[in-house]
Amino acid sequence: MLLQPLASAAGAHPLSGTIAEYVWLLPILPLVGFVVNGLLSLFSAYHAGPSDPYTSHHTSAAHDADVAEAHAAQRAEHAMPTGSDSHLTARHTYAAVSTVVGPLVVILSFGLALWMFIAMLNAGASMHEPFVKRFFAWMPVGDLRIDWAFQLDQLSMMMVLIITGVGSLIHIFSVGYMRDDPGYPRYFAYLNLFVALMLVLVLGASYPVMFVGWEGVGLASYLLIGFWFSDKANADAGKKAFIVNRVGDVGFLIAMFLIWANIGTLDFTGVAAQASVFHMGGVVVTAICLFFLLGCTGKSAQIPLYIWLPDAMAGPTPVSALIHAATMVTAGVYLIARSSFLFSLAPTAELTVAVIGVVTAFFAATIGLKQWDIKKVLAYSTISQLGYMFVAVGVGAYVSGMFHLMTHAFFKALLFLGSGAVIHAMHEAYHHTGSHADAQDMRNMGGLKKFMPVTWVLMWIATLAISGIPPFSGFFSKDEILGSVFARAHESTLASAHWLGIPGSALLYAVYVIGLAGAFLTAIYMTRLMLYTFHGPNRTGAKAQEHLHETSPVMLWPLIILGALSLVGGWINIPEFASAIGPVGLLDHWLEPVIGAASLRVTNGVAPEVAPSTEYMLVGLAVLIAIAGIVLAVVLLKPAKLVPKAEAAPDTGVGALLANKYYVDEAVEAGIVTPVVEGSRNILWRVIDSGIIDGLFVNGSAWFMKGFAWVGSQIQSGQVGTYAWAIVIGVLAVLGVFTLR
């Protein structure tokens with residue numbers, strides 16, 4: 001039975017009766033795309049078997065050859081570009097349908113989200129309570145009553161616009177990038193499913209509904225990362241992402257159990273209303289937030305559960321753009337912002353979030369300095385930028401964290417898709433020349449600005465944005481994060497708290513300094529990427545150069561739109577000192593009804609302020625740091641001296657340490673994976689399963705019954721005289737028992 005939307009005491013919600021009533025359509029539209037593309041994929045994979053298999057050996061062999069050819073094509077991503085103009089493989093039978101359905105459902109969802117956004121703007125100041133649409137009772141068990149419900153407020157609307165908007169551009173880009181892949185409909189089915197589940201995550205009106213989306217994007221990421229599953233490395237990367245995230249998800253579950261045990265509800269509105277039962281800095285609320293943090297470190301790839309994200313580069317490049325820029329990896333930041341009414345009551349937990357964030361930001365940035373795979377550089381860049389978002393929400397600057405989440409979605413999607421355009425061009429050039437060189441290694445690139453001038457300009461825009469150069473989007477959001485850390489180092493609940501005996505004020509100043517150092521490294525490794533990819537001499541080879549060219553329009557236009565957003569997207573939350581550009585603090589005002597009270601609780605009820613002279617100094621220092629990183633990279637790095645990967649000497653010393661990512665994966669393999677595998681093989685399998693269960697219980701019981709049957713078989717001789725004597729002896733034995741008792 002459908003339930004009606006909640007009505008406030010003053011009357012119906014301002015969104016009641018508007019387009020917001022159809023909020024359920026937001027995830028349903030991409031879910032329909034998943035069903036349609038999934039069926040197309042199944043139809044194409046289905047091959048009717050022969051009525052008499054014993055007389056159709058030739059047909060079966062031909063079918064096996066077709067399957068082998070399809071698998072070989074799936075493995076060819078590193079040998080031949082998907083979307084290649086060469087058309088060496090026939091396009092999928094249903095490619096035309098998937099080309100329309102795949103992007104269209106997400107575009108329609110984005111259009112619907114814009115309509116709802118306009119309705120929220122029209123509601124104006126009366127939109128101070130969330131619009132909750134309850135559909136049916138999901139888990140009515142005793143006192144536990146959880147409805148399947150969606151919540152539409154300023155925070156969820158911001159996330160929906162980012163997911164569907166940037167997701168639409170990535171879907172359009174995929175049309176060109178994946179067009180010749182034999183799994184074309186399956187790819188769009190997984191991509192649509194991912195968007196649908198991410199929308200469930202951000203629209204859920206309670207922690208359990210959010211958890212469905214939370215787990216769902218974990219499943220979808222497993223499918224997308226291991227899309228080319230016939231290659232073991234790709235399949236292993238998908239499994240690694242899935243398993244590591246399950247470790248973090250245990251924390252999410254425990255946090256929900258604690259909330260239910262102490263409050264008796266799991267709806268966001270209910271928990272927010274009753275959060276006052278927790279005392280500031282209390283043990284229970286701190287434990288809840290720390291368990292939530294464990295879940296967030298998995299989804300948002302923070303120390304110690306960051307190890308899955310670099311391996312996620314095994315999936316198609318548009319998948320990397322979707323997962324790492326606009327959707328799954330931002331779920332942890334969103335969870336903390338959504339739970340700000342709890343985190344603002346736990347200063348120790350918030351300081352922990354900030355420390356983990358800044359350590360991750362710096363740690364990942366150092367690794368990015370020596371990566372040669374262009375996608376791996378961006379992977380560690382994503383981990384680092386997520387660290388900055390954690391710093392922001394960790395110090396109670398929830399708007400700043402969400403602001404950087406938004407700008408990061410713009411410039412990081414542009415960087416990933418731009419790298420996809422580069423990889424696509426390199427693959428095609430190498431294919432035409434028969435080369436098997438690594439098309440993702442920057443040592444094999446160089447001088448591409450001559451062949452791909454538009455992509456070069458757009459990627460420089462994204463590089464300047466992520467480096468924090470004004471007036472690009474990343475400057476405003478990253479500067480706001482660093483300024484928020486500095487401002488909360490005094491006169492805040494965090495400054496008054498302690499973390500492992502360290503005063504909160506001193507810790508926040510350290511976070512600020514390390515954050516600046518991370519920004520410096522960001523400018524270096526991103527400039528390095530641009531110099532080695534687009535500048536200096538071309539290292540692809542004379543023959544390959546003839547086939548290098550700009551990407552197709554269907555792939556280029558999404559880059560251009562993301563380039564514009566990377567340029568001006570930061571203007572949505574202009575600080576006071578830059579008021580000449582436009583209206584000040586639009587995002588602050590937009591999110592204030594959702595997270596404003598929690599932000600003020602962290603700053604003791606007073607909005608943090610920094611003297612204008614201090615603010616100018618902080619902004620100037622951040623910009624100088626970014627410029628210094630770019631200049632240092634330009635001065636020290638010499639693209640003209642770089643040689644192709646095949647001729648390069650192996651890294652040594654610190655360079656080898658960074659190139660091998662501090663050997664963390666090797667340590668995890670040796671310290672965790674290998675002992676678990678060997679223990680499972682030698683103890684669980686050989687001793688318990690084979691030895692005790694199979695050997696003792698299964699085989700042992702069989703041998704016992706066999707022996708028992710043998711004894712019986714010896715008694716049954718078939719001799720009547722023997723049977724007569726046995727009867728006589730038995731009767732005498734019974735009589736003897738009764739006689740002698």
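Tutor: Residues are numbered from 1 along each chain as its sequence is written. In this predicted model, local features need pLDDT of at least 70 and side-chain atom pairs pLDDT 80 or more, while totals for chains, interfaces and linings use all residues, and side-chain values use heavy atoms without hydrogens or water.

Student: Why are H4 and H16 called roughly parallel to each other?

Tutor: The axes of H4 (residues 154–177) and H16 come within 11 Å and cross at roughly 5 degrees. Axes are lines fitted to C-alpha atoms over the stretch in contact, with angles from 0 to 180 degrees between N-to-C directions. Angles under 35 degrees count as roughly parallel. H4 and H16 are therefore roughly parallel.

Student: Which residues of H4 and H16 make the contact?

Tutor: Contact means heavy atoms within 4.5 Å. Among them are Leu155, Met158 and Phe173 of H4, and Met402, Phe410 and Leu417 of H16. By class, the contact has 18 nonpolar, two polar and no charged residues. Ala, Val, Leu, Ile, Met, Phe, Trp, Tyr, Cys and Pro count as nonpolar, Asp, Glu, Lys and Arg as charged, the others, Gly among them, as polar.

Student: What makes Lys240 and Asp665 a salt bridge?

Tutor: The closest N and O atoms are 3.1 Å apart. A salt bridge needs a side-chain nitrogen of Lys or Arg within 4 Å of a carboxyl oxygen of Asp or Glu. Lys240 lies in H7 (residues 232–263) and Asp665 in H26 (residues 664–715), so the pair ties together parts 425 residues apart in sequence. The structure holds 16 salt bridges.

Student: What makes a set of points a cavity or a pocket?

Tutor: On a 1 Å grid over the protein atoms alone, a 1.4 Å probe fits in a cavity but cannot get out; a pocket is an open set with protein on both sides within 12 Å along at least five of seven lines. Lining residues have an atom within 4 Å of a point.

Student: How many residues line the largest pocket, and which lie nearest its centre?

Tutor: The lining has 34 residues, with Ser400, Glu480, Ser484, Asp588 and Pro608 nearest the centre. H23 gives the largest share, seven residues. The pocket's volume is about 1000 Å³.

Student: What volume has the largest cavity?

Tutor: About 70 Å³. Its lining includes Phe475, Lys478 and Val623. H18 and H24 each supply at least two lining residues. The lining divides into seven nonpolar, two polar and two charged residues.

Technical notes:
Grid points are joined across faces, edges and corners, and a volume is the space filled by probe spheres set on the points. Helices (H or I, at least four residues) and strands (E, at least two) are DSSP runs, numbered from the N terminus. Angles under 35 degrees count as roughly parallel, over 145 as roughly antiparallel, 65 to 115 as roughly perpendicular and the rest as oblique.
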